[in-house]
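Hi,

Here is the structure I promised to pass on. Please open it and keep it beside this email while you read.

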Amino acid sequence: MYFKNFDRPGSLINLKILAVRESLRAGGGSSLNFLTFHALTIAAIAMSCDPYISKGEQPRRGTQSEDLMIPSGFEYHRPSSVQEAVALLAQLGEEARPLAGGHSLIPVMKTRLSAPEHLVDLAGVSGLKGIRQEPGHIVIGAMTTQYEIIGSRLLAETLPILRETSLQIGDPQIRYLGTLGGNVANGDPGNDMPAVMLCLDAEYGLAGPDGQRRLRARNFYLGAYDTARKNDEILTEIRVPAPPPGHGYAYEKLKRKVGDYAVAAAAVILTMTNGKCTTASIGLTNVADTPLWAEAAAWALIGTGLDQAAIANAAAAAEAITDPAADGRGPAEYRTKMAGMMVRRAIARAKSRAQN
Ligand code: FAD
């Protein structure tokens with residue numbers, strides 16, 4: 001018996017990956033997490049009996065407990081161009097995965113919940129790194145690391161919310177290798193950048209065998225670990241409309257400990273003119289299967305002076321669209337309330353930063 005690839009979108013496998021993710025992140029957390037993880041792992045093993053064994057083939061992968069922190073065998077590919085990477089993905093099919101920083105992919109491979117036969121490493125692909133300004137937009141290469149985002153002077157001046165968010169992702173070791181592209185392509189509702197991208201109305205550039213296309217982040221997330229990216233496409237860049245100078249911004253994240261994923265988090269971007277809120281956008285992290293764009297919550301702010309009543313209305317509208325899981329981060333009701341609390345805090349801080 002051995003594992004097949006598990007991380008195909010839209011399947012029960014996503015549940016298992018979430019359970020493992022929870023367990024990995026729990027770091028000795030609650031017993032509920034631990035038990036849930038083991039129950040789902042046993043279910044995963046039971047469901048993944050490989051039919052080839054009964055046909056007499058040799059198993060390629062072991063499931064002995066001592067193997068469980070060592071990824072199963074895979075072939076490593078290191079293309080040097082986007083075209084080469086796309087051609088490899090098309091040729092190798094569903095058994096291939098792009099590899100960026102590896103900080104989400106490798107952990108699920110170690111637990112054998114994902115066992116891709118081919119890794120297509122994007123580290124040697126030219127043109128996937130870097131941050132540049134175009135008229136009206138900031139364009140960030142998919143392989144740009146969170147560390148590079150934190151250090152970018154251009155982003156500090158034009159999109160400071162990206163620096164603020166990056167500083168709240170994992171720890172320095174994660175941020176040195178973890179990429180913006182990997183963070184937004186992963187499809188994990190716990191990743192911090194997707195909600196920020198919904199808030200900013202970013203577009204994702206995708207390259208595939210049929211050429212290039214752009215997709216709004218707001219249309220990209222379909223479910224947990226399920227995105228609109230096709231298997232043979234590579235995310236090449238993230239295009240963010242530059243908010244006006246003097247905008248207010250904040251990313252507020254509640255976490256159990258330093259380096260943890262969010263119990264709930266909120267991204268807010270807004271502008272103020274003569275004491276009134278003229279534009280607003282709000283994104284929510286880890287309170288549903290996908291990141292959420294809280295459109296009604298933002299509308300509750302526009303035209304107001306961001307007084308207590310307006311902020312309370314926005315928080316209530318944000319809470320109304322959440323559908324969080326009850327897990328090691330707390331019961332669903334608590335996480336919903338914390339989403340509202342993060343929205344309140346983020347609006348207040350964004351207001352304090354906005355120039356009238
Ligand atoms: P990888 O792990 O290499 O890839 C992730 C997925 O995206 C894979 O399915 C891969 O095939 C796909 N992919 C990657 N790049 C591309 C591309 N260019 N085109 C198409 N598909 C691609 N994240 C947070 O947001 N917040 C946190 O607080 C946080 N804490 C963490 C704590 C720990 C201990 C660890 C290990 C990770 C944590 N992370 C957190 C995750 C981290 O930010 C990852 O780096 C990120 O989720 C994935 O980026 P990556 O470059 O490592 O991608």
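Start with the largest nonpolar core, which has 88 residues. The residues with the most contacts inside it are V268, I282 and V343. Strand β12 (residues 262-273) gives this core its largest share, 10 residues. As background, nonpolar side chains in soluble globular proteins tend to be buried together. One reminder before you go further: this is a predicted model.

Now click on V343. Which residues does V343 touch, once its neighbours within four places in sequence are set aside? The contacts are A266, I282, A297, A314, A315 and A318. I282 also belongs to the trio with the most contacts inside the core.

Next, the helix pair. Helix α13 covers residues 308-320, and helix α14 covers residues 332-353. Their axes come within 8 Å and cross at roughly 140°. Angles over 145 degrees would count as roughly antiparallel. The crossing is at roughly 140°, so α13 is oblique to α14. The crossing is right-handed.

Who meets whom there? From α13 come I311, A314, A315, A316, A318 and E319. From α14 come T336, K337, A339, G340, V343, R344, I347 and A348. The residues of this contact divide into nine nonpolar, two polar and three charged. V343 is one of the α14 residues here, and V343 is also among the residues with the most contacts inside the core.

- D201 is not a glycine, yet its phi is positive, about 55°. D201 sits in the loop between α11 (193-200) and β6 (203-208).
- N286 is not a glycine either, and its phi is positive too, about 65°. Find N286 in the loop between β13 (276-285) and β14 (292-293).

Is D201 buried, exposed or partly exposed? D201 has 17 other C-beta atoms within 10 Å. A buried residue needs 20 or more, and an exposed one has 12 or fewer, so D201 is partly exposed. N286 has 29 C-beta neighbours inside 10 Å, so N286 counts as buried.

Last, the whole chain. The protein chain has 14 helices and 14 strands. Of its 356 residues, 48% count as buried. Take the contacts between residues at least 6 apart in sequence: 65% of them join residues at least 24 apart.

That is the handover. Write back with any questions.

Best wishes

Notes
Residues are numbered from 1 along each chain as its sequence is written. This is a predicted model: local features need pLDDT of at least 70, side-chain atom pairs count only at pLDDT 80 or more; totals for chains, interfaces and linings use all residues. A nonpolar core is a set of buried Ala, Val, Leu, Ile, Met, Phe, Trp, Tyr and Cys residues joined through C-beta atoms within 7 Å. Helices (H or I, at least four residues) and strands (E, at least two) are DSSP runs, numbered from the N terminus. Two residues are in contact if their C-beta atoms, placed from the backbone, lie within 7 Å. Axes are lines fitted to C-alpha atoms, for helices over the stretch in contact, and angles run from 0 to 180 degrees between N-to-C directions. Angles under 35 degrees count as roughly parallel, over 145 as roughly antiparallel, 65 to 115 as roughly perpendicular and the rest as oblique. A crossing is left-handed if the near helix is turned anticlockwise from the far one by less than a right angle, and right-handed if clockwise. Ala, Val, Leu, Ile, Met, Phe, Trp, Tyr, Cys and Pro count as nonpolar, Asp, Glu, Lys and Arg as charged, and the others, Gly among them, as polar.
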